[in-house]
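Keep the picture open while you read.

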Amino acid sequence: MPTRADRHLRIVRLAKDCAELGARVRTIHSMTGLPPREIQRLFFADPNAIPRGRPPDSPEWYHSANLLFRTDASIFATTYRRLRQAGFGPDDALVGAYRHYRTVCQAPHRISFDRAFDLASHTDGIWIAKSPSFSVVTCPSCTSEFLTALGTVPRSDACPFCKLVQRYGNDPRVQTSFPVRPLPYPAVFQQEMMMRQKKERDADGDCEAPISSFPGDTGDR
């Protein structure tokens, strides 16, 4: 049985993964429960390296975002949903889905880790969201899965991938963002995630700590 030390090490590994993927201190705290000052001490020795700016706000942002941003968000959210349905916990699913997103989409990536965290939160109603705001649905025309408001009836005219295909021949931005190339087979990716989880499997643990302020959050509200 995993010890308290084992659970703490798992949390620190998760925090390290998040920091390496560009997460804010606030995001890492929400996922791990580690105190903000400890997160800063462990992963942001240089105060200037702390990600700053206004935290993402997905429910409002997604519906007004342009096609390329909504497409990228749907690629991440679809992978996250598949991993959750396969039995992965939300933290492993978030990190795994974001890594996968970065392998299939061109850099610079439009979806930051904090944005992905916010999308996942509002898809599952966890972490910073009290209830779900999004769901992943299947387009009745192209059968692609895409992110949309919870309770929305799937329509092809709302599918970002249908619109992407329609614009592809005439829009250089779309062609540059999505060059023609083979995509990783989903089953292979899921198998890799399962192998990763098997190597690092530990009991889930939560750490709670009082929170007063977050480095880098000045001006967020």
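Helices here are DSSP runs of at least four residues, and strands are runs of at least two, both numbered from the N terminus. On that basis, this predicted model has ten helices and two strands.

Q: What makes the contact of helix 2 with helix 7, and how do its residues divide by class?
A: From helix 2 come Thr27, Ser30 and Met31, which meet Phe113, Asp114 and Phe117 of helix 7. By class, this contact has three nonpolar, two polar and one charged residues.

Q: Why are helix 5 and helix 8 described as oblique to each other?
A: The axes of helix 5 (residues 67-85) and helix 8 (residues 160-168) cross at roughly 130° and come within 9 Å. Roughly perpendicular ends at 115 degrees, and roughly antiparallel needs over 145. The value of roughly 130° lies between those limits, so these helices are oblique too. Helix 5 passes helix 8 in a left-handed crossing.

Q: Which residues meet where helix 5 and helix 8 are in contact?
A: On the helix 5 side are Leu67, Leu68, Arg70, Thr71, Ser74 and Ile75; on the helix 8 side are Pro160, Phe161, Lys163, Leu164 and Arg167. They divide into six nonpolar, two polar and three charged.

Q: How do you know which residues touch the most other members of the largest nonpolar core?
A: Core members are buried and joined through side-chain atoms within 4.5 Å. Among the 51 residues of this core, Phe76, Leu94 and Phe113 touch the most other members. Helix 5 gives the largest share of the core, eight residues.

Q: What is phenylalanine 76 in contact with, leaving aside its neighbours within four places in sequence?
A: Phenylalanine 76 is in contact with Leu94, Ala97, Tyr98, Tyr101, Ala116, Leu119 and Ala120.

Q: What makes a residue count as buried, and what percentage of the protein is buried?
A: The cut-off is under 20% relative accessible area. Buried residues make up 43% of the 221 residues.

Conventions. Residues numbered from 1 in each chain as written. Predicted model: local features only at pLDDT ≥ 70, side-chain atom pairs only at ≥ 80, totals over all residues. Heavy atoms only, no water. Contact = heavy atoms within 4.5 Å. Nonpolar A, V, L, I, M, F, W, Y, C, P; charged D, E, K, R; others polar. Axes fitted to C-alpha atoms, helices over the stretch in contact; angles between N-to-C directions. Parallel < 35°, antiparallel > 145°, perpendicular 65-115°, else oblique. Left-handed = near helix turned anticlockwise from the far one by under 90°. Buried < 20%, exposed > 50% of the residue type's maximum accessible area, 1.4 Å probe, protein only.
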